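Me: I'd like to learn how to read packing and charge pairs in a model like this one. Could you walk me through it?

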Amino acid sequence: MTDKVIKMKTERNSHEDITWVVTLNQNDVICGRGTLALKHPGNIAFRKFVRENKVLYATRVRHERNEISKRIIASIRNLNGRFLVREDGLTSSFADEKDVNGNPVIWRDIGDKKATEKTSQALREKSYKNKRAPKRDVFVVVNHTAIFNPVGIVHQSWIMPQTQVRFSPAQT
């Protein structure tokens, strides 16, 4: 099936086009929630791009962060991917879903500005592992004995003061 794309000038911004899409391709990023957004190949690739750039993003200043987001979007768009949202605002479970009237679901490209906002948000979000990681210091004794205490309390008799090295969670 071929892509059906309808372009229309917006009243607010005559230089900006709204693109409606009926058929999804494998590189499209589905914005929203649900099974389709979770399992669609374009979303999987997008999450991989985000995962690979999180550390870089976190270490940069604001204008550099924006450029990282734009590069991720350009990578998706270079693969003929689009950032799409369902026009009726509902959640889809599969790509060729029909609306309540039995017509194909219509998708709209959100544009680069909204895509940049969503990409930046994804880059700022912590992974599931990071959300659950307790914030504590780890004490390591120089004689290669490590003491890990989930409560974060280390009894004074466990470590000799002159051999104690303290690491913050960012260094571990």
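Reply: Happy to! Let's begin with one side chain: leaving aside neighbours within four places in sequence, Phe 46 is in contact (heavy atoms within 4.5 Å) with Val 29, Ile 72, Ile 76, Phe 83, Thr 119 and Ala 122. This is a predicted model, where local features need pLDDT of at least 70, side-chain atom pairs count only at pLDDT 80 or more, and totals for chains, interfaces and linings use all residues. Residues are numbered from 1 along each chain as its sequence is written, and side-chain values use heavy atoms, without hydrogens and water.

Me: Which residues have the most contacts inside the largest nonpolar core?

Reply: A nonpolar core is a set of buried Ala, Val, Leu, Ile, Met, Phe, Trp, Tyr and Cys residues joined through side-chain atoms within 4.5 Å. Buried means under 20% relative accessible area, exposed over 50%, partly exposed in between (1.4 Å probe, protein chains only). Here the largest core has 14 residues, and Phe 46, Phe 83 and Leu 123 have the most contacts inside it.

Me: And how do I read a salt bridge?

Reply: Side chains of opposite charge can pair when their charged atoms come close. The rule asks for a side-chain nitrogen of Lys or Arg within 4 Å of a carboxyl oxygen of Asp or Glu, and the count comes to eight. In one of them, Arg 77 pairs with Asp 112, the closest N and O atoms being 2.8 Å apart. Arg 77 is partly exposed at 24% relative accessible area, and Asp 112 is partly exposed at 45%.
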